[in-house]
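Here is a protein chain to read through questions and answers. Keep the sequence and the model side by side.

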Amino acid sequence: MVTGMLYEPAQFEPLIDEPWAPARAEDAIAAIVTDADTAFAADSLWPAHEWDAGDAPLPLKSLYVGASGVIWALDALRRQGRAETTLDLAAAARWALELFRTEPDIEPGETHYHPASLLLGEAGPLLVAFKLTRDAVLADDLHALLPTSAENPTDDIDWGIPGALLALLALRQWTGEQSWAEAARESASVLRARRGEDGLWRQDDDYRGLGTLHGAAGNTLALLRLEPDEALARETATVLARHAFREGGLANWPGSPRPQLARPRDGRICLQWCTGAPGILAGAWDYLDEELLLAGAELIWRAGAHGDEKGHGLCHGTSGNGFALLKAFARTGDERWLERARRFAVHALAQAERIAAANGRRRYSLFTGDVGTAVFAAACLDNDARYPIIDVM
């Protein structure tokens with residue numbers, strides 16, 4: 001058992017003793033897609049989980065926990081040949097966008113929101129709708145919206161410029177039009193200028209994050225996606241090494257440098273994709289010191305699966321941690337990490353079934369729900385370490 005300051009063992013459970021079986025994984029993915037098809041309602045999209053909804057207006061439409069993320073996942077699984085949805089995804093994406101524009105998924109009092117936010121703003125539904133329809137009007141809307149992310153002082157993939165930058169680069173790839181690259185370079189220039197002397201960016205008044213969703217690893221990923229920059233990669237690797245918590249050959253990261261820990265609201269150090277080693281590995285896997293990367297991966301493996309309170313999802317659950325093991329495989333080529341990632345997938349799929357049975361229905365979102373777990377299982381089938389949205393749109 002790993003103890004000390006690296007993580008909270010009580011939040012985790014041992015992996016189930018069940019071997020990886022591709023056919024069983026394929027069946028589980030198909031079952032998740034079939035259920036998503038059945039649960040869809042043309043007028044109200046998908047039912048929302050209580051945690052996902054908070055106090056936001058329903059139905060949820062965002063890329064993070066709303067219909068646009070589910071639609072993206074169903075399309076991705078279809079393109080990969082893993083499952084065939086019966087839904088008209090293009091029509092569903094248009095409707096989700098229309099509903100978002102009528103009433104955005106904003107909780108009262110939210111201070112970080114901006115329409116150009118990739119995961120929680122209008123940009124996500126707009127991007128998914130364009131991907132599925134290639135409507136030129138939607139392209140014009142994206143051209144107008146995404147550069148306004150610079151108005152948001154929260155510099156992370158979730159809310160600000162880095163997420164919009166990833167969207168601009170995806171649009172350049174999809175269309176081949178250089179105007180998207182020009183807009184990306186302008187946004188990147190603003191993002192670089194905002195980087196502090198400590199190598200970090202601002203997410204809140206007193207918070208400078210390290211991770212992929214909220215911090216330096218994600219912001220660096222977005223900038224490197226635009227163009228290689230060995231100096232930037234080296235500088236961020238140094239920052240991440242400086243702020244790692246180490247113990248007995250294992251490593252984890254707080255959300256923000258000492259003395260702040262993972263989360264400004266309660267000071268806890270976490271071990272999940274949105275905060276902690278899984279996210280650091282997901283964002284910095286290709287340039288982080290390899291010994292440090294493997295120390296983080298080993299901690300994830302020894303900790304096991306998230307308990308049902310966090311669940312099986314991508315953001316702060318078993319599937320998100322499993323993706324970090326796929327990153328260790330991508331970096332080293334060591335099949336041990338692929339095998340371990342697949343063990344996480346077996347557990348996550350079983351966990352999804354168990355939680356759905358207990359609650360009477362599945363959870364319909366990309367980053368916290370069943371379709372995200374299906375995407376992770378498909379990645380294990382395909383030996384594909386690319387993290388959804390962040391690495392592949």
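Q: Is helix H11 (residues 277-284) largely enclosed by the rest of the structure or exposed, and how many of its residues are buried?
A: This is a predicted model. Buried means under 20% relative accessible area. The buried residues of H11 include Pro278, Ile280 and Leu281. Helix H11 is largely enclosed by the rest of the structure, because its buried residues number eight of the eight.

Q: Which elements do the buried residues of H11 pack against?
A: One partner is a strand, E3 (250-252). The others are helices. Together, the elements packed against the buried residues of H11 are strand E3 and helices H9 (216-226), H10 (230-242), H12 (290-303) and H13 (318-332).

Q: Which residue has a backbone oxygen 2.8 Å from a polar atom of the side chain of Ser117?
A: Ser117 sits in the loop between helix H4 (89-102) and helix H5 (123-133). Ser117 is buried, with a relative accessible area of 0%. Leaving aside neighbours within four places in sequence, its contacts are Glu122, Ala123, Gly124, Asp158 and Trp159. The backbone oxygen at 2.8 Å belongs to Asp158.

Q: Where is Asn383 found, and which side chain makes a polar contact with the side chain of Asn383?
A: Asn383 is in the segment after helix H15 (370-382). Asn383 is partly exposed, with a relative accessible area of 39%. Leaving aside neighbours within four places in sequence, Asn383 is in contact with Phe329, Leu338 and Arg342. The polar contact, at 2.8 Å, is with the side chain of Arg342.

Q: How far apart are the C-alpha atoms of Asn383 and Phe329?
A: Along the chain, 54 residues separate the two. Phe329 is one of the residues in contact with Asn383. The C-alpha separation is 8.8 Å.

Q: What is the radius of gyration of the protein chain?
A: The chain has 15 helices and four strands. For 393 residues the globule rule gives 21 Å, and the chain comes close to that, so it is as compact as a globular protein of that length. The radius of gyration is 19 Å.

Q: What share of the contacts with a separation of 6 or more comes from residues 24 or more positions apart?
A: The C-alpha atoms fill a box of roughly 55 × 50 × 40 Å along the principal axes. Of the 393 residues, 60% count as buried. Residues 24 or more positions apart account for a share of 70%.

Q: How far apart are the centres of the positive and negative side chains?
A: The chain exposes about 15000 Å², with 49% of it supplied by carbon and sulfur atoms. There are 37 positive and 57 negative side chains. The centres of the two sets lie apart by 4 Å.

How values were computed. Residues are numbered from 1 along each chain as its sequence is written. This is a predicted model: local features need pLDDT of at least 70, side-chain atom pairs count only at pLDDT 80 or more; totals for chains, interfaces and linings use all residues. Side-chain values use heavy atoms; hydrogens and water are left out. Buried means under 20% relative accessible area, exposed over 50%, partly exposed in between (1.4 Å probe, protein chains only). Helices (H or I, at least four residues) and strands (E, at least two) are DSSP runs, numbered from the N terminus. Contact means heavy atoms within 4.5 Å. A polar contact is a pair of N or O atoms within 3.5 Å; within protein, one must be able to donate a hydrogen and the other to accept it, and residues adjacent in sequence count only if both atoms are side-chain atoms. The radius of gyration is taken over C-alpha atoms; the globule rule is 2.2 Å times the number of residues to the power 0.38. Accessible areas come from the Shrake-Rupley method with a 1.4 Å probe; for residues, only the protein chains shown count as cover. Lys and Arg count as positive and Asp and Glu as negative; His and the chain ends are not counted. The place of a charge is taken as NZ of Lys, CZ of Arg, CG of Asp or CD of Glu.
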